[in-house]
Amino acid sequence: MKFSYYPGCVMHGTAVEFGMSTLATCGTLGIDIVEIPDWNCCGALEVYPDMYLELALSARNAAIAEETGFPMMTTCAICFHNVSKAYFAVNESEKAKDMINDALGDMKYEGKEAIRHLLDILVSDYGLENITAKVKRSLDGLKVAPFYGCLLARPKEIARFDDPENPQFLDRLIDALGAESVPFEHKMKCCGGSLLMSREDLAHHLSREILEEAVNVGADCLVITCPMCNVLLDLQQKEIEKRYGITLNMPVLYFTQLIGLALGHKPKELGLDKNMVSTASVTKKLGVG
Amino acid sequence: MNTIKAADFDPNFKFEIEKELGGEHLTKCFNCTGCTVGCPITEIEPTYNPRKAMRMAILGMKKELFESEIMWLCVSCYTCYDQCPQDVRITDVLNAMKNIAEREERMGHIKLESAKPAFDKEFVDSIKRHGEVYETGVVIAQIVKHQGIKRLFEYTSTGIFMFKKGKLSLIPKNIKGMKQIKNIFRVVRGEK
C-alpha cells in the first residue's frame with residue numbers, strides 16, 4: 001500500500017503532532033507514504049470565496065501527486081475537501097478542466113484518481129480487523145468521543161463516506177482499538193473555526209457546546225480529524241474556559257495519536273506532549289508513562 | 001420598521017452571482033427554510049439566516065448585503081448545503097457573493113467592514129507571497145489590526161507554549177514553484 005502524501009501547511013505549524021503521529025502510525029501499519037515535493041497551501045477556508053483560485057491551488061498539488069503515479073492521500077479534512085473539489089471539477093466539466101489547466105501553465109492536471117483521507121483508507125482499504133491484529137496496547141476502558149466536524153463528512157457528494165447523517169467510521173475505528181466510542185450528539189457539528197479571526201464569540205460558543213457534551217457524557221478524550229478543529233477545541237480551550245468561567249479540561253487527540261497509542265508507540269513519538277490540553281489523564285489511564 | 005423600496009434593488013445581482021463559480025444554482029431557491037433549520041449560526045446569532053440571505057440576493061439587495069455582516073457570518077460548515085432539497089448549494093452561493101464583494105473591494109469600489117474578508121485577504125496574500133501560508137504572520141497581523149495589540153499580549157503564554165513545541169515558525173519560507181503560484185494568481189485574478 002503506497003500513497004503520495006500531501007501533509008498541508010499546518011503539519012509544519014500548529015498541527016505538528018498530527019504529522020508526527022501520521023508518520024509513526026503509517027510506518028507501523030506498513031502503509032508507505034511519500035510526501036509530494038514542493039506542495040503549496042490549498043488556501044484552507046479563507047480561499048473559499050474565490051472558487052477558481054481554490055481549484056487552481058489544489059490542482060497544482062494534485063498534479064504533482066499525479067506525476068508520482070501513486071494515489072494522493074492527506075490527513076487534513078480541509079486539504080481533503082479542497083483537493084476533492086478540484087478532482088470533481090475537472091471530471092465533471094471540460095470547461096472547468098480547461099480553466100484550471102490554464103492557470104497551471106506548464107503543469108497538467110488530468111484528475112485521474114480522487115484524493116483519499118487516511119481515515120477512509122484505514123476503514124475501507126486496510127481493514128479494521130487488520131488494525132486490531134496489530135494492537136499492542138489495548139485501549140480497553142478508555143471512553144472516547146468521536147468528533148467528525150464538517151468537511152470530512154459534508155458535503156456528502158465530496159466526502160463520500162459511509163453515512164452523511166450519522167457517520168460511523170471513526171466510531172468503529174475507536175472500537176477496533178479496544179476503546180469505547182461513546183454516543184456523541186455533536187459529532188458532526190461545527191467548531192466555528194472559520195470565524196475565529198473575525199467573530200471569536202461565535203466560534204467559542206460553538207466549540208464550548210462540543211466540549212461540554214464531551215464532559216457531560218464522561219469521555220476521557222475527544223478524537224478529531226481536522227487541524228482547524230484542533231485550534232478551536234485544544235489550542236483555544238483555555239480561552240473558552242476563561243470567557244465563560246468554566247472548567248473543561250478535555251484532552252483532544254488526533255485519530256492518528258489514538259491509533260499510535262494502541263500500536264504501542266511512546267507518547268513522545270506521537271507528539272502527545274505538544275497538545276495544549278494535557279493528555280496525561282489519558283496516558284495515565286492506559287498505564288503509559 | 002424599516003421600509004425597503006423595490007425600485008432601489010439591483011435586478012441584475014442574481015445574474016451576476018449565477019455567473020460566478022459556485023453561484024450557478026441561486027435561482028433554484030424557493031425559500032423553503034430547509035437551510036435555516038440546523039444552521040449552527042442561526043441558532044446563536046439571530047441576525048444570520050441563510051434563507052434570508054438567498055432571498056435578499058434574488059431580490060437584488062446587493063447594497064444591503066454588502067454593507068452588512070450577513071454573508072460574513074457563514075461558518076462554511078456545509079450543513080445547509082446538504083439539507084437543501086433544491087440543490088442550491090447555499091455555501092457556494094454565499095461564497096460567490098463574497099467573491100463579488102471582495103473583488104469590488106480590491107478594485108477600490110467599496111469598503112467592507114467585517115474582519116472576515118480582511119482575514120481572507122491576509123491569508124490569500126500570504127500564499128501569493130510564499131506558496132505556503134505563513135500562519136504566524138497572518139494571525140498576528142489580523143489580531144493586531146482587528147482586536148488590538150492588547151489582545152495579542154493576552155496570547156503570550158499560548159504563543160510561548162506553541163513556540164517551545166515547534167508549532168510556530170518565526171520566518172516564512174517560500175516554496176520552489178513560486179513562478180507557478182504567480183501564474184495561478186495572474187490567470188485567475190489578473191494580478192502581476
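Strands here are DSSP runs of E of at least two residues, helices are runs of H or I of at least four, and both are numbered from the N terminus. Two strands pair if DSSP finds at least two bridges between them.

Before moving on, a word on the model. It is predicted, so local features need pLDDT of at least 70 and side-chain atom pairs count only at pLDDT 80 or more, while totals for chains, interfaces and linings use all residues. Residues are numbered from 1 along each chain as its sequence is written, chains are lettered from A and ligands numbered from 1 in the order in which they are written, and side-chain values use heavy atoms, with hydrogens and water left out.

**Inside this sheet**

Select β5 (residues 143-146) of chain A together with β7 (residues 221-224) of chain A; the two run parallel and are joined by three bridges. Show A145(A) and you will find L222(A) of β7(A) opposite. V144(A) has C221(A) as its bridge partner in β7(A). Now turn to β6(A), which runs parallel to β5(A) and is joined to it by two bridges. There, E180(A) stands opposite K143(A).

**Two loop stops**

Follow chain A to P155(A), in the loop between β5 and α7 (156-159). The peptide bond from R154(A) to P155(A) is cis, with omega near -15 degrees. Next, pick N249(A), located in the loop between α11 (237-244) and β8 of chain A. N249(A) is not a glycine, yet has a positive phi of about 50 degrees. For context, most residues other than glycine have a negative phi, and most peptide bonds are trans.

**The other sheet**

Now select β2, β1, β3 and β4 of chain A, an open sheet of four strands in the order β2-β1-β3-β4, with parallel pairing. Its edges are β2 (32-35) and β4 (116-117) of chain A; each has a single partner strand, so one side of each is left without a neighbour in the sheet. Zoom in on β1 (residues 2-5) of chain A, which runs parallel to β2(A) and is joined to it by four bridges. One pair to display is K2(A) with its bridge partner D32(A) in β2(A).

**A helix pair**

Select helices α3 (residues 77-92) and α4 (residues 94-104) of chain A, which pack at an angle of about 120 degrees with their axes 5 Å apart. Axes are lines fitted to C-alpha atoms, for helices over the stretch in contact, and angles run from 0 to 180 degrees between N-to-C directions. Show A89(A), V90(A) and E92(A) in α3(A), which meet E94(A), A96(A), K97(A) and I100(A) in α4(A) (contact means heavy atoms within 4.5 Å). These contact residues divide into four nonpolar, no polar and three charged. Ala, Val, Leu, Ile, Met, Phe, Trp, Tyr, Cys and Pro count as nonpolar, Asp, Glu, Lys and Arg as charged, and the others, Gly among them, as polar.

**Last stop: chain B**

Finally, switch to chain B, with 11 helices and zero strands. Its C-alpha trace spans about 55 × 40 × 30 Å along its principal axes.
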